[in-house]
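Hello,

Here is the structure for you to look through. My notes follow below it.

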There are 2 protein chains.
Amino acid sequence: MQFRSDIPTPALLLDLDAFEDNIKKMASHLKARNKGFRPHGKTHKCPEIATELINAGAIGICAARLSEAEVFAEHGIRGLLITTAVVGADKIARAIALARNVPDTMFVVDDEHNVGAINGAAAGGEPIKLLIDLYFGRTGIEPGPPAVRLAKIISSLPNVVLEGLQSYDGQAAHTTPFQARGDRTNGNMAKAIATKAMIEQDGIGCRIVTGGSTGTYRFDSENSGMTELQPGSFIFMDLDYEQIGGPDGDRYRDFKNSLTVITTVVSTPPGFAIVDGGYKAFSTDRPFTPRPIDLPGVAYGWAGDEHGRLDLSTSSKTLKVGDRVEFIPPHCDPTVNLYDQIHAMRGDRVEAVWPIAARGKSQ
Amino acid sequence: MQFRSDIPTPALLLDLDAFEDNIKKMASHLKARNKGFRPHGKTHKCPEIATELINAGAIGICAARLSEAEVFAEHGIRGLLITTAVVGADKIARAIALARNVPDTMFVVDDEHNVGAINGAAAGGEPIKLLIDLYFGRTGIEPGPPAVRLAKIISSLPNVVLEGLQSYDGQAAHTTPFQARGDRTNGNMAKAIATKAMIEQDGIGCRIVTGGSTGTYRFDSENSGMTELQPGSFIFMDLDYEQIGGPDGDRYRDFKNSLTVITTVVSTPPGFAIVDGGYKAFSTDRPFTPRPIDLPGVAYGWAGDEHGRLDLSTSSKTLKVGDRVEFIPPHCDPTVNLYDQIHAMRGDRVEAVWPIAARGKSQ
């Protein structure tokens, strides 16, 4: 499998030139503003990509889940931050084992009973590093007094230590247009920064404020209170991120589309071409569908678990069985989570095949 | 991991009692009507489940894709039928290798150039067994003269042999109400059976007519022209199949829900409980969302890739961090395709953990 045309379909492809440009742009943007760069590994779940990000200056990698972080740790990644609370005795035991093995690992908490359980399980070693997860619409505890109260509980316990605040606003990432996005993230990050000041006034250390996304990095990186950013999708981009809008009101073009799915035409009923990519080849959580590359005016329609239907009625293009069609996916993270490997392409040459080693690791 | 409460979440669970009842019901229904039972493996992608089906009397297993069939073959499953055309020189070479290794394997075709390529690659061994895929709205060639023409081409070539017709109508499976479903499948299967007669009139053997689904099996199994059925979802069921309607106009209850996803509450912002199952834990290709078990009146809402939101505002139930919530998934096949393993449960006991060995094998 040396060339694009040799890759069995459906398959996930990464344009390395675009991918490397995306990483360079984000890393240099954050470095110039003196912000830590801890990109989110939930997007790629791939140790080789995590390593590329570390080599570009990342101080660590976020993981959505403990099992995802365990995979990154096995592959030598350090500076791990697990961004979902670790709940239940078994997971807490695994989390502590991970922290003993990789001491700079951090975990988020938003519940005092969970904090108590972690503290209780962590006796006899270095304190477990915690961030308080702040609520901006999904998980977390309310900024201000509720978070300060939880900080005091953490500070009162011997086997946990507060490192700072997890201040991630998932909805801000996709707020449109551009300025409304800025207003939303600036408003919510200000609540986090005020909470940090309240905690510090109580004499409790709280050095980190981490958050931000591919959608909000321009704002968060100018915010003096943010210490680090955790964007994920910028490495790949997708149709969803394109639609959030840029500063000029047009498409969001800060980063390049580097991720595609390649399919093959397997049947050509009159007026249509059926490709071998359906619900198992693309995530379906967005209202729009994969966009075929190099087929202007041709729309993709879902045709079940295994197939997609290209409507050729409005196109001068013809497609025959065996032709290949490549698509930009609607939403990168859950699309990547469907594949076991990603083909790293230099032009039409397969430079490497990287296992998506943490695929399915949501536990 | 011995009990339900030990399973790290999110996880896929199979209620073995319901699963075994479903298999018994379908197998005995088809046996009583003298129909072959070749259930579709795309639903489960799990060699252990394929083996259970064979043990219950299945004559083989369908696979949506070559790589899925290769996994079943490695695990000793025979009677394989690959229900998507195998296109391109590399896949054809793999298909022939599979047929040489497992001689009763069958492949579908709908394109004469593809037939020619298979024939050309298959010299020097037993002829490759083919079914003509008939078009009822997705893939395939039109029944009647176009299919007969393709049958003649196959019959004229030395290294391929026509075994029959793949007569699968994916849309019929979900046509509502019940009688419209019957009308649709009866109408389309009649076209297949007439095509078989036309092919046989030309002196070409065409012994198999295979098709049918969990939605249409009651009709297809009464159809004297159908030789075998290939239902898939009946082993698990899901919310989608429930909605197609039964003969009484109520929910479709021919089979039991045996498949669930178990999650944990990881955060409890006011009015809500956030569980650790989102786009990576459930397929999202249906307009409705996972249904929580034992939480009447509580609706699940998507909260991104990693989370779901339970609205507790209209419920007297309270949930705390660490509580577990189990769901019936909207659509079984693409949900199963998100997981590496399935926990086979006898009541609350984990009787086995079965690898979903063909997960992601869509190539």
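**Domains of chain A**

The centres of domain 1 and domain 2 of chain A, taken over C-alpha atoms, are 33 Å apart. Domain 1 covers 4-10 + 253-355, and domain 2 covers 16-237. These bounds come from an automatic or database domain assignment. In the contact, domain 1 of chain A places 15 residues and domain 2 of chain A places 19 residues. (Two residues are in contact if their C-beta atoms, placed from the backbone, lie within 7 Å.) On the domain 1 side, E16(A) gives the largest share, four residues.

**How to read the model**

This is a predicted model: local features need pLDDT of at least 70, side-chain atom pairs count only at pLDDT 80 or more, and totals for chains, interfaces and linings use all residues. Residues are numbered from 1 along each chain as its sequence is written, while chains are lettered from A and ligands numbered from 1 in the order in which they are written.

**Chain A as a whole**

Chain A has eleven helices and 17 strands. Helices (H or I, at least four residues) and strands (E, at least two) are DSSP runs, numbered from the N terminus. Along its principal axes, the C-alpha trace of chain A spans about 70 × 40 × 35 Å. Of its 363 residues, 56% count as buried (20 or more other C-beta atoms within 10 Å of the residue's own, with C-beta atoms placed from the backbone).

**Chains A and B**

The contact takes 50 residues from chain A and 51 residues from chain B. On the chain B side, E10(B) gives the most, with three residues.

Best wishes

Note on methods
Buried ≥ 20, exposed ≤ 12 C-beta atoms within 10 Å, placed from the backbone.
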